[in-house]
Amino acid sequence: MAKKSSHRVLKALIALTLLVSVAVGGWLWQRYQGFASTPIALSGTERILSVESGDGFQDILGKLRALGVQEGSDLEWKALAHEMQVISRLQVGDYTIRHGITPRELLLKLESGKVIQHRFTIVEGWSLRELRAALAKHEVLVQKARDLDDAALMAALDRPGQHPEGRFLPETYHFTRGQSDLDVLRRAALAMDKAVADVWAMRSDDVPLETPEQLLILASIIEKETGKVSERPEIAGVFSRRLKLGMRLQTDPTVIYGMGSAYAGNIRRSDLTTDTPYNTYTRAGLPPTPIAMPGRAALMAAANPAPGDTLYFVSRGDGSHVFSATLAEHNRAVACHQLRRCR
């Protein structure tokens, strides 16, 4: 009798254990399901989650906790990621995490790669030095070019031996976290290649330029001479006529570029007579390389200069210029607008 009684007690305990296990399992399943689709509560503004290369799921979960996500245990998050089969497919980048998103929606977002698009703008007329300084200050771009000299930089961009000045098209480039300054420069260089090729194909028949490289050089000078889009074709016309006539370009931006770090903000008469490869007062023709990054409008102006007879121009001091056909007219314009001796 005692044996049978013990056997019945054992069966009862096993049954009770199974019932408790089923009940607990059911409760845990309901809790898990509720966790997966319960909106996350975040006070204030949306958060930015940065998933970096090398981050494991536990690292990402730690970052979520640091942003204020308290919902769910670590085990529930891992179970959900395994159930969704996304634990090894979460993508690098910056993600916006807003109030009300559910854990399931969040993991789907991290898998989809719907990341924040960052941007970097190359400004028309920037020199390579200015471009590199701006890239070095960017907080999101991975810095790979910072310690490279110009020759090593161009080699890293698969352009060994190419002079870097003027090679990067001024535009706004979008990128995601994890991309580097070299990635942006590579895209900008390809964009400039295409822009120059497209504009060269549309050039006027009588432009005094023999190669796309000369187009890029002239466009860079036009870019530095004026910020007014409407004036660029006229300035291009002046330079084109000077080149055809064998006149020296006599443009200050090339002199400044040739002075390098010696330029202190003003050009002296001695600077105009000091010969450098970029001094267009002492040397005829175009300088050996571009002097800045020209935009599309400057490229178009260089390829399609405005017709006319002007050979000179001088700044009014307000960003615009006075154009003259003769040296006498030009000298009067200089006296008026530079020396303030208007008649």
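A salt bridge is counted here when a side-chain nitrogen of Lys or Arg lies within 4 Å of a carboxyl oxygen of Asp or Glu. By that rule the side chains of Asp 74 and Arg 65 form one, with an N to O distance of 3.1 Å, and the count for the protein comes to 17 salt bridges.

The structure is a predicted model, in which local features need pLDDT of at least 70 and side-chain atom pairs count only at pLDDT 80 or more, while totals for chains, interfaces and linings use all residues. Residues are numbered from 1 along each chain as its sequence is written, and side-chain values use heavy atoms, with hydrogens and water left out.

**Overall make-up**

The protein has 13 helices and 6 strands, where helices (H or I, at least four residues) and strands (E, at least two) are DSSP runs numbered from the N terminus. Of its 343 residues, 40% count as buried; buried means under 20% relative accessible area, exposed means over 50%, and partly exposed lies in between, with a 1.4 Å probe and protein chains only. Among contacts (heavy atoms within 4.5 Å) with a separation of 6 or more, residues 24 or more positions apart account for 64%.

Gly 246, which follows α9, has a positive phi, near 80 degrees.

Strands β5 and β6 are also included in what covers the buried residues of α13, and in that helix His 330, Ala 333, Ala 335 and Cys 336 are buried.

**The largest pocket**

A pocket is found on a 1 Å grid over the protein atoms alone, as an open set of points where a 1.4 Å probe fits, with protein on both sides within 12 Å along at least five of seven lines, and its lining residues have an atom within 4 Å of a point. The largest pocket has a volume of about 1400 Å³, a volume being the space filled by probe spheres set on the points, which are joined across faces, edges and corners. Its lining consists of 44 residues, of which Thr 251, Asp 252, Pro 253, Ile 256 and Ile 267 lie nearest the centre. The elements that give two or more residues to this lining include α8, α9, β5 and α13 (327–337).

**Charged residues**

Lys 194 has its place in helix α7 (residues 181–201) and is exposed, with a relative accessible area of 52%. Its salt-bridge partner is Asp 198, the closest N and O atoms being 2.8 Å apart, and the two lie in α7 4 residues apart, about one turn of the helix. Asp 198 is partly exposed at 34%. The C-alpha atoms of Lys 194 and Leu 169, which are 25 residues apart along the chain, are separated by 9.5 Å.

| Salt bridge | Closest N to O distance |
|---|---|
| Lys 194 and Asp 198 | 2.8 Å |

Asp 74 is partly exposed at 32% relative accessibility, as is Arg 65 at 22%. Arg 283, with 37%, and Asp 275, with 41%, are partly exposed too. Salt bridges that share partners also join Glu 52, Asp 55 and Lys 63 into one network.

Lys 109, in helix α4 (residues 103–112), is buried yet has no salt bridge, and the nearest side chain of opposite charge, Glu 46, is 6.9 Å away; Lys and Arg count as positive and Asp and Glu as negative, with His and the chain ends not counted. Leaving aside neighbours within four places in sequence, Lys 109 is in contact with Tyr 95, Thr 96, Ile 101 and Lys 114.

**Two loop residues with positive phi**

Gln 85 is not a glycine, yet its phi is positive, about 60 degrees; this residue is found in the loop between α3 (74–84) and β2 (93–97) and is exposed at 58%. Asp 158, likewise not a glycine, has a positive phi of about 65 degrees, lies in the loop between α6 (150–156) and β4 (172–175), and counts as exposed at 63% relative accessibility.
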